[in-house]
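Please keep the sequence and the model at hand while reading.

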Amino acid sequence: MSTYAQKKGFGAVLWDYLTTVDHKKIAILYLIAGGFFFILGGLEALFIRIQLAVPNNDFVSAGFYNEILTMHGTTMIFLAAMPLVFAFMNAVMPLQIGARDVAFPFLNSLGFWLFFFGGVFLNLSWFLGGAPDAGWTSYASLAMASETHGIDFYALGLQISGAGTLIGGINFLVTIVNMRAPGMTYMRMPMFTWATFVTSALILFAFPPLTVGLFLLIFDRMFGSNFFDVANGGNTIIWEHLFWIFGHPEVYILILPAFGIFSEIFAIFSRKRLFGYSSMVFATVLIGFLGFMVWAHHMFTTGLGPIANAIFAVATMAIAVPTGIKIFNWMFTMWGGSIKFTTPMLWAVAFIPSFVAGGVTGVMLASAAADYQYHDSYFVVAHFHYVIVGGVVFALFAGAHLYWPKMFGTMLNETLGKVTFWLFLIGFHLTFFIQHFLGLMGMPRRIFTFLPGQGLETGNLISSIGAIFMAIATIVLLINVIMTQVKNEKVGNDPWGDGRTLEWAIASPPPFYNFKQLPLVRGLDAYWLEKMEGKNGMTPAEPLGDIHMPNNSFIPFVISLGLFIAAFGAMYRAETSWGLLVLILGMAVTLGAMFVRSIKDDHGFHIHKEDLMDDDNDKGVKA
Amino acid sequence: MKMLAKWRLLSLFAMMALVLSGCGEPFLSTLRPAGEVAQSQYELMLLSTAIMVGVIAVVTIIFIYVIMKFRRKNDNEIPKQVEGSHKLEILWTVIPILLLLILAVPTVAATFKLADVSPMEKKNADGKTDALVVNVRANLYWWEFEYPNEEIITSQDLVVPTDEKVYFNLKASDVKHSFWIPSAGGKMDTNTDNVNKFWLEFDSKGADEAGGLFYGKCAELCGPSHALMDFKVKALSRAEFDQWVADMKAVEEPVQAETQTAQQGQEIFNNSCIGCHAVTPANTAPEAARVGPNLTNFGERSRVAGVLDMSEENIKKWLEDPEAYKPANKMTGKYPELSDTELDALTEYLMGLKVQK
């Protein structure tokens with residue numbers, strides 16, 4: 001059964017990826033789709049900066065600008081950052097806990113295809129009458145007033161991709177609870193796995209409020225219900241609450257995995273175990289917990305009153321404590337270590353000052369009375385780009401370089417990697433640092449232009465110049481990726497030489513069953529412990545035996561496709577004769593596929609012991 | 001040691017103040033506070049910035065030391081594997097908590113102070129308030145300011161007396177907007193669901209620096225022309241303000257145009273414009289009937305449509321094609337196309353709409 005190394009035609013490869021349930025291939029799918037949307041969102045960001053480079057610019061029109069800013073935010077959060085985070089979770093987490101796959105491989109595939117079709121649906125709005133234009137927050141009064149189908153694309157598209165995310169989160173939770181290798185106790189789990197665990201819990205609790213909010217919006221717009229219609233007793237503030245009860249944990253859903261990736265990098269390239277591991281775990285859990293208690297700080301100016309504002313202000317400040325613990329732990333991981341400045345390490349090192357800058361403005365924003373000035377100004381824009389770009393995007397770049405060998409078996413070029421790093425770092429600070437001051441000088445956010453003579457010209461021009469650097473950095477990364485894949489120089493198990501956790505104990509990329517024999521975990525940084533004792537692999541925890549594997553399936557693709565079709569039907573139902581038919585057809589496809597899945601027994605297959613013994617020894621755990 | 005810390009904090013404060021002041025224009029910048037609210041918010045900014053710069057300094061020092069000192073010198077070196085340190089970890093848990101407390105106490109105090117609108121509730125014998133109250137109504141791309149005690153309405157240019165608290169009732173008539181006068185103080189949303197209340201104060205010194213005219217902004221995305229939903233604030237001394245109110249109240253009937261051209265303009269106005277735009281300041285018409293800005297004192301305003309400089313040329317441009325200057329505004333297409341002579345007449349009439357003698 002060692003089909004892994006066989007050469008296949010393009011059609012066969014495509015079919016393999018359309019039907020795969022292997023977490024490593026799904027990770028690659030997430031990486032490609034997320035990367036595509038990242039570039040799309042980046043182009044939208046460039047249009048924004050071109051438009052705002054000079055006052056009274058007419059590069060894009062006012063209405064079109066609102067579409068661009070909405071799609072930039074929505075794309076970057078839902079379709080780029082989250083899937084890219086999911087790519088690394090899928091690629092690495094099962095390996096880190098010594099599992100052969102996630103708990104529900106079929107659902108893993110379903111989660112990806114739901115996200116993918118939701119994202120495609122959302123972006124088709126560009127060609128079908130206009131994109132959503134009420135901001136990524138889509139506040140209800142403006143969303144209800146929007147005349148095009150843009151908001152419908154937003155609500156339906158996010159609903160579909162959100163379902164995929166929720167499924168993915170549940171899957172990761174179950175995987176980490178149930179599928180850890182022998183000896184892998186909770187307090188021996190690598191930090192990235194811990195981050196995945198807490199993030200998945202956040203997804204489980206944060207996405208339902210969004211789902212509810214989106215359904216209310218869909219019902220209002222499509223069936224004339226009046227949840228947000230003030231004239232009929234509705235209330236638009238409810239949307240703000242629902243959105244931010246989701247929206248605030250969402251930023252932790254993004255940043256915690258980033259923290260996880262950086263925790264791995266600091267330990268690996270300092271050759272030192274993570275300083276204060278237990279307090280890191282505790283801080284991660286605490287951030288996740290507090291993340292649900294602070295949503296109203298996005299609504300300080302909504303008029304909730306001084307009591308609510310004061311409580312949420314203090315709660316928000318409290319989050320700074322566990323975050324501070326993490327920052328110091330990372331620095332003391334490097335303290336006394338042996339630091340090697342590889343590309344991933346450069347990103348991690350640059351992350352500390354960048355993220356601290358974003359974090360401290362977060363505390364400033366928490367001060368409710370002062371926030372009345374910052375709120376919805378460019379100060380906020382600067383703040384969240386400092387944490388999301390300086391935290392999440394840096395981590396994604398770092399993670400891409402770090403895990404590229406594990407995902408593809410090749411190393412990205414280090415020189416080009418460092419070029420990307422320096423260009424992006426300079427561009428990032430050039431673009432966003434000045435925006436703090438633009439906000440304080442009175443520039444509101446989400447404006448399509450500004451008039452001359454208000455003291456805002458210089459700052460905006462500098463900001464736009466910075467964006468060019470980031471664009472070039474991304475292009476260099478793309479060139480790097482293409483060059484690396486063309487050269488295709490394969491690397492060994494532990495290409496960085498300092499791997500500490502289980503994923504570095506097996507081949508790059510790992511065989512489709514990951515571990516020939518499940519490894520025995522004897523402590524934190526299991527692989528490092530073995531290396532220090534002079535062994536070059538893990539001790540197996542079980543005798544060589546048959547491995548049960550799931551079959552590939554095309555059904556997840558079909559289920560998601562059905563919802564994609566149904567969404568068009570739902571949207572055009574009121575104004576066309578065929579809308580209802582398409583809605584029914586789409587739902588029939590989805591429900592039919594689910595029915596087939598339910599009644600068809602799929603027992604998977606076994607890889608026999610004899611075949612495993614034929615495989616190269618270094619692909620699995622050494623016997 | 002304590003002295004040193006105190007001295008450092010003080011000098012940090014002074015430096016921050018130096019850096020931050022002189023940032024931005026006096027009529028627009030939050031860093032040039034021109035009133036009690038903006039001032040207390042500015043002080044909170046300085047306090048939080050000082051604390052945060054301190055935090056950044058500590059992190060930066062450790063950070064630079066670490067990445068300089070602990071570079072890999074020898075490929076075979078294996079550093080000591082340290083689990084952690086309870087002492088250090090407690091240290092960097094407790095110190096941030098203390099720093100946050102220093103910030104939290106004034107934050108909570110200021111939050112309550114800025115929310116104190118009790119004088120709005122105190123009615124005097126006439127059923128009015130002693131405090132000056134302005135009802136702000138935000139509309140797709142224009143602002144209406146009603147003075148309920150004085151029973152007058154104006155639009156686009158808010159007129160306020162300096163050196164006293166002005167209380168605001170805020171709401172929106174179509175979608176959510178947000179009312180922001182950066183130099184006078186932080187914003188409050190105008191919701192479609194409820195009336196929000198807050199107060200601001202405009203001090204005469206700040207008003208002088210700003211040339212008597214503050215800039216106001218809509219701070220909540222509200223549609224294509226969100227960026228152009230500006231308004232202005234004229235800050236007058238109490239005596240001047242009283243005079244302005246008296247002048248406004250004196251206009252009971254639409255003022256008759258004087259020149260012949262202006263009279264033609266008034267005729268056009270009465271045929272095409274008066275359905276939306278009132279030229280008397282009384283607040284007797286219901287809100288639903290007040291669909292466009294009140295133009296009683298249009299000729300004295302600082303801008304045309306909130307964004308164009310006040311000039312005959314700009315009025316004509318605006319009347320010819322409002323869509324070009326404020327996309328998706330509600331005025332476009334509501335009146336027949338105007339010929340050049342009609343434009344001249346209408347412009348002359350509008351420029352003549354003045355209440356102050």
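Which residues in H8(A) meet which residues in H9(A)? The model considered here is predicted. In it, Tyr252(A), Leu256(A), Phe259(A) and Ser263(A) of H8(A) meet Met280(A), Thr284(A), Ile287(A) and Gly288(A) of H9(A). The points below begin with this helix pair and then turn to the domains, the sheet and the chain contact.

**The helix pair in chain A**

- Helix H8 of chain A comprises residues 237-270 and helix H9 of chain A comprises residues 277-290.
- Their axes come within 11 Å and cross at roughly 170°.
- Because angles over 145 degrees count as roughly antiparallel, H8(A) is roughly antiparallel to H9(A).
- By class, the residues of the contact of H8(A) with H9(A) comprise five nonpolar, three polar and no charged.

**Annotation and domains of chain A**

- UniProt, in an unreviewed entry, assigns residues 9-522 of chain A the annotation "domain: Cytochrome oxidase subunit I profile".
- Residues 9-522 of chain A are 70% helix and 0% strand, and the end C-alpha atoms of this span lie 43 Å apart.
- Chain A is divided into domain 1, covering 10-553 + 602-619, and domain 2, covering 557-600.
- A distance of 30 Å separates the C-alpha centres of domain 1 of chain A and domain 2 of chain A.
- Domain 1 of chain A gives twelve residues to the contact, and domain 2 of chain A gives eleven residues.
- On the side of domain 1 of chain A that touches domain 2 of chain A, helix H4 (105-124) and helix H6 (150-178) of chain A each supply at least two residues.
- H4(A) provides the largest share of that side of domain 1 of chain A, with five residues.
- That side of domain 1 of chain A has nine nonpolar, one polar and two charged residues.

**Annotation and sheet of chain B**

- For residues 129-247 of chain B, an unreviewed UniProt entry gives the feature "domain: Cytochrome oxidase subunit II copper A binding".
- This span of chain B is 13% helix and 50% strand, with its end C-alpha atoms 21 Å apart.
- Chain B has an open sheet of five strands with mixed pairing, in the order S3-S2-S1-S5-S8.
- Strand S3 (152-155) and strand S8 (196-201) of chain B each have a single partner strand at the edges of the sheet, so one side of each is left without a neighbour in the sheet.
- On average, neighbouring strands of this sheet are turned by 25° against each other, direction ignored.
- Strand S1 (residues 132-139) of chain B runs parallel to S5(B), and seven bridges join the two.
- Ala138(B) has Ala172(B) in S5(B) as its bridge partner.
- Strand S5 (residues 165-172) of chain B runs antiparallel to S8(B), and six bridges join them.
- Leu170(B) has Asn196(B) in S8(B) as its bridge partner, while Lys165(B) stands opposite Glu201(B) in S8(B).

**The contact of chain B with chain A**

- The contact brings together 77 residues of chain B and 76 residues of chain A.
- Two helices of chain B, H2 (36-69) and H3 (86-114), each supply at least two residues of the side that touches chain A.
- Strand S6 (177-181), strand S7 (185-190) and strand S9 (213-218) of chain B likewise each supply at least two residues of that side.
- The side of chain B that touches chain A divides by class into 42 nonpolar, 22 polar and 13 charged residues.

How values were computed. Residues are numbered from 1 along each chain as its sequence is written. Chains are lettered from A and ligands numbered from 1 in the order in which they are written. This is a predicted model: local features need pLDDT of at least 70, side-chain atom pairs count only at pLDDT 80 or more; totals for chains, interfaces and linings use all residues. UniProt positions are given in the numbering used here, feature names are shortened, and annotations may be inferred rather than shown by experiment. Helices (H or I, at least four residues) and strands (E, at least two) are DSSP runs, numbered from the N terminus. Domain bounds come from an automatic or database domain assignment. Two residues are in contact if their C-beta atoms, placed from the backbone, lie within 7 Å. Ala, Val, Leu, Ile, Met, Phe, Trp, Tyr, Cys and Pro count as nonpolar, Asp, Glu, Lys and Arg as charged, and the others, Gly among them, as polar. Two strands pair if DSSP finds at least two bridges between them. Axes are lines fitted to C-alpha atoms, for helices over the stretch in contact, and angles run from 0 to 180 degrees between N-to-C directions. Angles under 35 degrees count as roughly parallel, over 145 as roughly antiparallel, 65 to 115 as roughly perpendicular and the rest as oblique.
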